[in-house]
Amino acid sequence: MNPSTPSAAVPPAPSASPARTPVYALVGNPNCGKSTLFNALTGLKQKVGNYPGVTVERKVGTAYTQHGQPLTLIDLPGAYSLAARSPDEAVTRDVLLGRRTDTPTPDRIICIADATNLERNLYLVHQILDLGRPVVLVLNMMDLAAQAGLTVHADRLSRELGIPVIPCEAARGKGLIELKLALSRPDLPLPRHAWAVPTALAPAVAELQASLMANDAKAPLVARAEALLLLTDNDPVRVAGSTAHSAATTQILETWKKRWAADATDWSGALVAARYDVIGRLAQQTITGPADGSAYLGSSALQTSDRIDAVVTHPVWGWAIFAAIMATMFFGIFTLASIPMGWIESLVATFSDHVSALIPPGEFHDLVIDGALAGVEGVIIFLPQILILFFFIGLLESTGYMARAAFIMDRVMSRVGLNGKSFIPLLSSYACAIPGIMAARTIEEPKDRLVTILVAPFMSCSARLPVYLLLIAALVGANEVPVGTQVGLMLLMYALGTGGAFFFAWLFKKTLLRGAPPLMIMELPPYRLPRVRDVLYQMAERGWIFVKRAGTVILALSVVLWFLANYPKPPADQPDADPLAHSYAGKAGHILEPVIAPLGFDWRIGIGLIQSFAAREVFNSSMSVIFAVEESDDEAASRAQLRDALHAATRPDGTALFTPLVCLNLMVFYVFAMQCISTIAVVKRETGGWKWPLFQLGYMTGTAWLACFVIYQAGRALGF
Amino acid sequence: MTLAQLTVGASATLKAYPQAGPAFTRLREMGLLPGTRITLVRIAPLGDPLEIQVRGYRLSLRKTEAALVEITPEPATP
């Protein structure tokens, strides 16, 4: 816990100065303008990644003091308390307590607080002051506080706390120079932070602190801060996180808790109340304006917010607006993304033509063009959808609507044991499960997040559409599919997938991932105009994370799939042999046949199923290759040709292969089966290992098999 | 009387709630303490969760938790 220990995780100082770049942490409640301040301080000098082992975004940047000295700024996830309840808050706590080996312990801390809501914001600040490290307090949204009739006297607050307090409007860049001047000070004062721990608790704090120092090797002030956290949260295991406390410390805590249980001391309540007492007195001394925010209630900002809310959460209009916003978002991902996706396709095509001309024909040529380049395309083709989804999500988050969407949807999601925050990820998965799964990051409770990730791919994504269209055409067999039949079958498939998602969410919450029903303790921030710059930053960051982490896996798996479909080559004496039938994929189709025969599928369909792992729509081109249909540029014409070819396909005994029952069954298989390496790669990334993606692959594909088995056997028995 | 029974628009003073339970540790840390004034702002269209005003900000919580929060209602303002 030596603050001057250099760490590999710190980027090297850009100046030639021999001294280590000081490390600052930026800490604050959610919705207090922290990201805006971070972006304003660091500009584009940011590195975004993940904290190892958890899916919490790690943002580190370089900022400069007013005198040009560089400093490393860590943007810690928004937190309401150091008694962490979500993975985000746990990271903030662990970095501040110096528990993470991958992140340097901050030398100095910049706390940012929302001036319109100072009391609750000061709670976290009060906990941080316990750490005894230099703190600069930024009071953000001073303009909104003034509008609300509140005057926050930064000078008085600074005097009371003994630390620099900088009034600021981060969204307009006001106060930044003052902040950078404060950061220039070589001698930031330590906070004056004497507060009385309730007398009933004081001996316990002292004893725990001593034990944490002696038995857990903690520095004195960190030990005290940890002791206080142990007396705030009922669950000491959660407080300890990944760094379990020693038996001696645990013993002391247990003894005290037993004693308090005996004399009915509400220890946690007393401690939190003691902090709020101090904060209440501070607020009285430093804020003028009606108490307890009643001025804010009447302020124009909150009145506007209330007027919007009266409509947005209205039993009729609320749903209409919700549906309209979701439809716009869905439309955006679904159709708007197809334009840049077309560009990407033609760009990759042009590029591969150029490369193709450079490399002499041969196996290496095929590897580069059909294996690697196709894999690269497979990665970046998802980017438009991901970027558009995250643009919308960022917009909804920064305006405050996201919290309202979760608020009105909570009742529905609670039926399956989730909360309102799972709704957006599931809805987005109708376009593509990848951005949907990435959007599950907004769910705090790890189990609920995992359940959402596990069921998200049941939502019929856009890649299944071409497969459904082909199979519906093959099922009906006529040139013109009646619109009613088509729409009806499509809706049936979407309903099946949605039903599957809800059923399994309910099942997992009952069994495998049983947990307390998720809470819906969520702040509903006032509506604000979105900061487009911050939204774009966040969108770019998430897109980049996808390319960097999931992209490599997708690329590698694409090359493997390409290899399986092309090797071994047919022997030279059989030049007419179908190379696909002869490849490993073809052989796998044969091997797979006994497994899928009870579903009515043969080895040729098996090849299609295997190749669908690259992307589900590959089924169509796979069928084109197997049934030797020339692909033309006209999509509808080639689909009609393929449909006729499927219709003509027979089993060895001469009966038709693609009977209506088999077509229907294949569609059902595509609804339920997990057949997408990109999704597997993203789930691996988001859950931090192979366990869950493999489980998902198994249970979803198992469900598909079972459903198809029942349908096919029942259908046969009924004479179809 | 509990918070779940409060009518929309009415205010009350928080009296007590269970000591244990993750919901209540967090509610406490969010500033809901005995003596704190709260106002029920609205109920979600489907009847759950609730939106309350406390210490100048808005917070949602489910009825199951609200039903355990004891309050002293303020006399209705004319």
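Two strands are taken to pair where DSSP finds at least two bridges between them, and helices (H or I, at least four residues) and strands (E, at least two) are DSSP runs numbered from the N terminus. The model is predicted: local features require pLDDT of at least 70 and side-chain atom pairs count only at pLDDT 80 or more, whereas totals for chains, interfaces and linings use all residues. Residues are numbered from 1 along each chain as its sequence is written, and chains are lettered from A and ligands numbered from 1 in the order in which they are written.

In chain A, 7 strands make up an open sheet of mixed pairing, in the order β2-β3-β4-β1-β5-β6-β8. On average, neighbouring strands are turned by 25° against each other, direction ignored. Strand β6 (residues 135-140) of chain A runs parallel to β8(A) and is joined to it by 3 bridges; L139(A) has P167(A) of β8(A) as its bridge partner. Helix α3 (residues 118-129) of chain A lies across β1 (23-28), β5 (108-114) and β6 of chain A, at about 165° to β5(A). Angles run from 0 to 180 degrees between N-to-C directions, and axes are lines fitted to C-alpha atoms, for helices over the stretch in contact.

Between the chains, 37 residues of chain A are in contact with 30 residues of chain B, contact being defined by C-beta atoms, placed from the backbone, that lie within 7 Å. Elements that each supply at least two residues of this side of chain A include α3, α11 (267-286) and β10 (522-523) of chain A. The side of chain A that touches chain B has 18 nonpolar, 10 polar and 9 charged residues, where Ala, Val, Leu, Ile, Met, Phe, Trp, Tyr, Cys and Pro count as nonpolar, Asp, Glu, Lys and Arg as charged, and the others, Gly among them, as polar. Strand β10(A) pairs with β4 (residues 57-61) of chain B in the antiparallel sense over 2 bridges, and E523(A) has L59(B) as its bridge partner in β4(B).

Helices α22 (residues 464-476) and α23 (residues 483-510) of chain A pack at an angle of about 130°, with their axes 11 Å apart. The contact involves Y468(A), I472(A) and V476(A) of α22(A) together with T485(A), Q486(A), L489(A), M490(A) and M493(A) of α23(A). By class, this contact has 6 nonpolar, 2 polar and no charged residues.

Conventions:
Two residues are in contact if their C-beta atoms, placed from the backbone, lie within 7 Å.
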